[in-house]
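Notebook open, new structure on the screen. I want the overall layout, then the core, then any pocket.

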Amino acid sequence: MSQITPSSGNVTVVAETTQVETFSAISRRRREGTLDATTALGLQKTFLFHSEHEYLTIPIDNKILVSARVLVDKYPLRALDAIQLACALEAMAQFNEAMTFLSADRNLLAVAALDGLGTDDPNLHP
C-alpha cells in the first residue's frame, strides 16, 4: 500500500471494485435522465482523479474473497457489499486503528457496526 497523507488528516480507503460500482451508479442516473451526459462524464473523470491520487485502494485478492464468503454466510449481504466490507475490515487490520465505514445502506451499516467498524450514512449530511 502506498502512503497517502491528505490535508484533511483522513485517508479514504476503497475496495478495488469501487470504480466499477461508482461508474455503474453514474451511468444509471444518466440513463434515467437525472444526469446529463456532460455532467456524468465530469463526475466519472473527477472520481478517477480522486481514485488515482487521493484514495487508498484495497485490492481484491483471495484473502478478501474468503473474508467476503464468511460475511455472506454470517450476514444477509449482497456479494459486492460483502467485498466492500471485507476490504474495510482488512484496511482496519492493516492500519491497526479505528475506521468509519460509509454507506447509505442501513443493513450494510448495521453489519459493519457488528464487525467493529464505526459507521456513517453520507445522506445524513446534506
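Predicted model: local features only at pLDDT ≥ 70, side-chain atom pairs only at ≥ 80, totals over all residues.

Reading from the N terminus, I get the order β-α-α-β-α-α-β-α-β. The radius of gyration came out at 15 Å, close to the 14 Å that the globule rule gives for 126 residues, so the chain is as compact as a globular protein of that length. I also boxed the C-alpha atoms along the principal axes and got roughly 40 × 35 × 30 Å.

Next I checked burial and contacts. Of the 126 residues, 33% count as buried. Among contacts with a separation of 6 or more, 53% are between residues 24 or more positions apart.

Then the core. The largest nonpolar core holds 23 residues, and Leu71, Leu77, Leu85, Phe101 and Leu117 touch the most other members. Helix 3 (62–74), helix 4 (79–95) and helix 5 (106–114) each put in at least two residues. Helix 4 gives the largest share, 9 residues. I followed up Leu117: leaving out residues up to four places away in sequence, Leu117 touches Leu85, Ala88, Leu89, Met92, Met99, Phe101 and Ala112.

Last, the pocket. The largest one has a volume of about 1200 Å³. I found 34 residues lining this pocket, with Thr12, Val13, Val14, Gln84 and Leu102 nearest its centre. Strand 1 (12–15), helix 1 (18–32), helix 4 and strand 3 (100–102) each supply at least two lining residues. By type, I sorted the lining into 19 nonpolar, 9 polar and 6 charged residues.

Technical notes:
Residues numbered from 1 in each chain as written. Heavy atoms only, no water. Core = buried A, V, L, I, M, F, W, Y, C linked by side-chain atoms within 4.5 Å. Buried < 20%, exposed > 50% of the residue type's maximum accessible area, 1.4 Å probe, protein only. Helix = DSSP H or I, 4+ residues; strand = E, 2+ residues; numbered from the N terminus. Contact = heavy atoms within 4.5 Å. 1 Å grid on protein atoms, 1.4 Å probe; cavity = no way out; pocket = protein on both sides within 12 Å on 5 of 7 lines; lining within 4 Å. Points joined across faces, edges and corners; volume = space filled by probe spheres on them. Nonpolar A, V, L, I, M, F, W, Y, C, P; charged D, E, K, R; others polar. Rg over C-alpha atoms; globule rule 2.2 N^0.38 Å.
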